[in-house]
Amino acid sequence: MAWENKTFNSDFLLLGIFNHSPTHTFFFFLVLAIFSVAFMGNSVMVLLIYLDTQLHNPMYFLLSQLSLMDLMLICTTVPKMAFNYLSGSKSISMAGCATQIFFYVSLLGSECFLLAVMSYDRYIAICHPLRYTNLMRPKICGLMTAFSWILGSMDAIIDAVATFSFSYCGSREIAHFFCDFPSLLILSCNDTSIFEKVLFICCIVMIVFPVAIVIASYARVILAVIHMGSGEGRRKAFTTCSSHLMVVGMYYGAGLFVYIRPTSDRSPMQDKMVSVFYTIFTPMLNPLIYSLRNKEVTRAFRKVLGKGMCGE
């Protein structure tokens, strides 16, 4: 039977991104340093927003969800990569690979929708400030966030189940540092063309649709900012929106590059480089961009730090 030929008990081999040359060793520890900054930065953001009641509003609630997603994303890929590099092992079990795919795809998809929700939040705050408390009340904000998580998880279940419905009867070496399902499809001895078409449609829904919402929201925001009479208000609006657009541009751009292309056009090295960018660098940049350019977050950090020092 075909089901019996899927060899579910066999491990895959992650070829990784670094060898043990001096240059690659340096870059490996650089990635670990970036991971540490991303882990600490996102953890601090989640805790600050939870502890400081003045940050209990829709904008910071959404920001805490973004930090939580980034925190989970880097913990899905980097620890396993680091363990394999330091131990000299390259293996990952079938269950471990499926788990990585589920969490990785789920978090990427959820973040795509969350960034769209955040752009809508900024649109309402700037273009309809008098209606903001009604249109972005906690229940609505919570529902939009929940749908972001749910849609991302649904996409992950579909991708994980479809990926492991194929047989892998040849090489089990994955040319990546984590289980990314496009890299797995290359190893399948089945025809995956139909799934690739379904995957393309999913990418349109998961990436292009949120991008359209972001573009529409910020087009309205830019027009509203241009017509602002107050120079201070214009500066504050541009500061808030530019930080969000910076994150959005990097995140969606990398996602489109990796997942819209057909399998036949893929380069393992390009995929690994771009994956490093949006699974490690972007989670590090998000808290730095938002915290360094936001006085309220800086104030909350000093407040919590001051309480900690007084407690000692």
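Phe-29 has a relative accessible area of 46% and is therefore partly exposed, where buried means under 20% relative accessible area, exposed means over 50%, and partly exposed covers what lies in between, computed with a 1.4 Å probe on protein chains only. Phe-28, by contrast, has 0% relative accessibility and so counts as buried. This is a predicted model, in which local features need pLDDT of at least 70 and side-chain atom pairs count only at pLDDT 80 or more, while totals for chains, interfaces and linings use all residues. Residues are numbered from 1 along each chain as its sequence is written, and side-chain values use heavy atoms, with hydrogens and water left out.

Rings of Phe, Tyr and Trp (its six-membered ring) are taken to pair if their centres lie within 6.5 Å, with planes under 30 degrees apart counted as stacked, over 60 as edge-to-face and the rest as tilted; by this rule there are 13 aromatic pairs. One of them joins Phe-28 and Phe-29, whose ring centres are 5.2 Å apart and whose planes stand at 75 degrees, so the pair is edge-to-face. Tyr-104 and Phe-178 make another pair, this one tilted, with 4.5 Å from centre to centre and 55 degrees between the planes. Because Tyr-104 lies in helix α3 and Phe-178 in the loop between β3 (173-174) and α6 (181-185), the pair ties together parts that are 74 residues apart in sequence; both Tyr-104 and Phe-178 are buried. Ring pairs also link Phe-18, Phe-28, Phe-29 and Tyr-85 into a cluster.

Charged side chains come next. The charged end of Arg-172 sits over the ring of Phe-12, 4.4 Å from its centre, the criterion being that NZ of Lys or CZ of Arg is within 6 Å of the ring centre and within 35 degrees of the ring normal. A salt bridge requires a side-chain nitrogen of Lys or Arg within 4 Å of a carboxyl oxygen of Asp or Glu, and the count by this rule comes to 1 salt bridge. The side chains of Asp-121 and Arg-122 meet in a salt bridge, at 2.7 Å from N to O. Asp-121 has a relative accessible area of 2% and is thus buried, and Arg-122, at 12% relative accessibility, counts as buried too.

The fold can now be set around these contacts. The protein chain has 10 helices and 3 strands, these being DSSP runs numbered from the N terminus (helices H or I, at least four residues; strands E, at least two). From the N terminus on, the elements follow the order β-α-α-β-α-α-α-β-α-α-α-α-α, and buried residues make up 47% of the 312 residues in the protein chain. Glu-173 lies in strand β3 and, at 41% relative accessibility, counts as partly exposed; Glu-173 and Leu-13 are 160 residues apart in sequence, yet 4.6 Å apart in space, C-alpha to C-alpha. Ser-171, in the loop between α5 and β3, is also partly exposed, with a relative accessible area of 41%, and the C-alpha atoms of Ser-171 and Leu-187, 16 residues apart along the chain, are separated by 6.4 Å.

A cavity is a set of points, on a 1 Å grid over the protein atoms alone, where a 1.4 Å probe fits but cannot get out, and its lining residues have an atom within 4 Å of a point; grid points are joined across faces, edges and corners, and a volume is the space filled by probe spheres set on the points. Of the 18 residues that line the largest cavity, Leu-108, Gly-109, Asp-155, Ile-207 and Tyr-259 are the closest to its centre. At least two residues of this lining come from each of α3 (94-127), α5 (138-163), α7 (193-226) and α8 (231-259).

The second largest cavity contains about 90 Å³ of space. This second largest cavity is lined by 10 residues, with Met-59, Met-118, Arg-122, His-244 and Tyr-290 nearest its centre, and α2 (58-87), α3 and α8 each supply at least two residues of the lining.

Methods:
On a 1 Å grid over the protein atoms alone, a cavity is a set of points where a 1.4 Å probe fits but cannot get out, and a pocket is an open set with protein on both sides within 12 Å along at least five of seven lines; lining residues have an atom within 4 Å of a point.
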